[in-house]
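Hello,

Here is the structure I promised to pass on. Please open it alongside this email; my notes follow below.

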Amino acid sequence: MERQTVGDFWRWAYSDVLSNRNRSVFVEFMVGVALGVLDKPRVEWDAVDLRYNGHQIEVKSSAYCQSWIQEKPSAIKFSIRKAVLWNPEAGAYEGEAVRSAGLYVFCLYPEKEILKANALDVAAWEFFVVSTKVLNRELPDSKSISLAGLNRLAEPCKFAALKAAVDVSLK
C-alpha cells in the first residue's frame, strides 16, 4: 500500500459536503472564515460552535437537496432546541437545558436540483443571523424553526455581508 496523507483521508471521508454531518461542519467553517476565528481547531462536543469577540455563536445548517435520492426537496428546518451542556472535565452533562450561545447563524443551501448542486460555492449560500434573546422571546419552547419562521425574524444575507450582519446583531 502506498503512503497516504491526512488530505487523502479527508478527501475520502468528508468530500460529500451535502451530507448532513459534513454540511454542518462545513457551515461552521464558512462562518468561522467570515468572522476570522479559525485560529484553533474545532472542538467536536463544545458547548457552542464558534467564539467571536467574546460572544458565543451556534451555527446551523439546512438544504433542500441531500446526498441521497429524494422524491422532492427537503423541508427547511433548523434545530433551536435547548440542550444540557457537556462538561469535558467532569465527563458528564451538567445543569439545565439552555440555548448556550448568544447568537445563531442559520445557513441555507438553496439549490433544489442535485445535478446543479455545488455546496462548496460559498456565494450560493444564504445566512440568517438571529440573537438568542429573539429566539427565547419569540420561540421560547420550540425545538426547531422553519424557513418561514426564520424569515419572520431575520433578513437573509450572502457570505460577503455575513460578518457585518453578525456585528450588527451583537450590538
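The second largest pocket is lined by His55, Gln56, Gly102, Leu103, Ser131, Lys133, Ser169, Leu170 and Lys171. A pocket here is an open set of points on a 1 Å grid over the protein atoms alone, where a 1.4 Å probe fits, with protein on both sides within 12 Å along at least five of seven lines; lining residues have an atom within 4 Å of a point. Its volume is about 150 Å³, taken as the space filled by probe spheres set on the points, which are joined across faces, edges and corners. The lining has two nonpolar, five polar and two charged residues. In this count Ala, Val, Leu, Ile, Met, Phe, Trp, Tyr, Cys and Pro are nonpolar, Asp, Glu, Lys and Arg are charged, and the others, Gly among them, are polar.

Two notes on the source. This is a predicted model: local features need pLDDT of at least 70, side-chain atom pairs count only at pLDDT 80 or more, and totals for chains, interfaces and linings use all residues. Residues are numbered from 1 along each chain as its sequence is written, and side-chain values use heavy atoms, with hydrogens and water left out.

Next, Thr132. Thr132 lies in helix H3 (residues 132–138); helices (H or I, at least four residues) and strands (E, at least two) are DSSP runs, numbered from the N terminus. Thr132 counts as buried because its relative accessibility is 5%; buried means under 20% relative accessible area, exposed over 50%, partly exposed in between (1.4 Å probe, protein chains only). A polar atom of the Thr132 side chain lies 2.6 Å from the backbone oxygen of Ala101. Beyond its neighbours within four places in sequence, Thr132 is in contact (heavy atoms within 4.5 Å) with Arg99, Ala101, Gly102, Leu103 and Tyr104.

Now helix H2. Buried residues of H2 include Phe26, Val27, Met30 and Val31. The buried residues of H2 pack against helices H1 (6–14) and H5 (159–169), and against strands S1 (50–52), S2 (55–63), S6 (103–109) and S7 (126–131). Gly36 follows H2 and has a positive phi, near 70°.

Asn53 sits in the loop between S1 and S2. Asn53 is not a glycine, yet its phi is positive, about 50°. Asn53 is exposed, at 63% relative accessible area. Arg81 is in the loop between strand S3 (77–79) and strand S4 (83–87). Not counting residues up to four places away in sequence, Arg81 touches Arg99, Ser142 and Lys143.

Best wishes

How values were computed:
A polar contact is a pair of N or O atoms within 3.5 Å; within protein, one must be able to donate a hydrogen and the other to accept it, and residues adjacent in sequence count only if both atoms are side-chain atoms.
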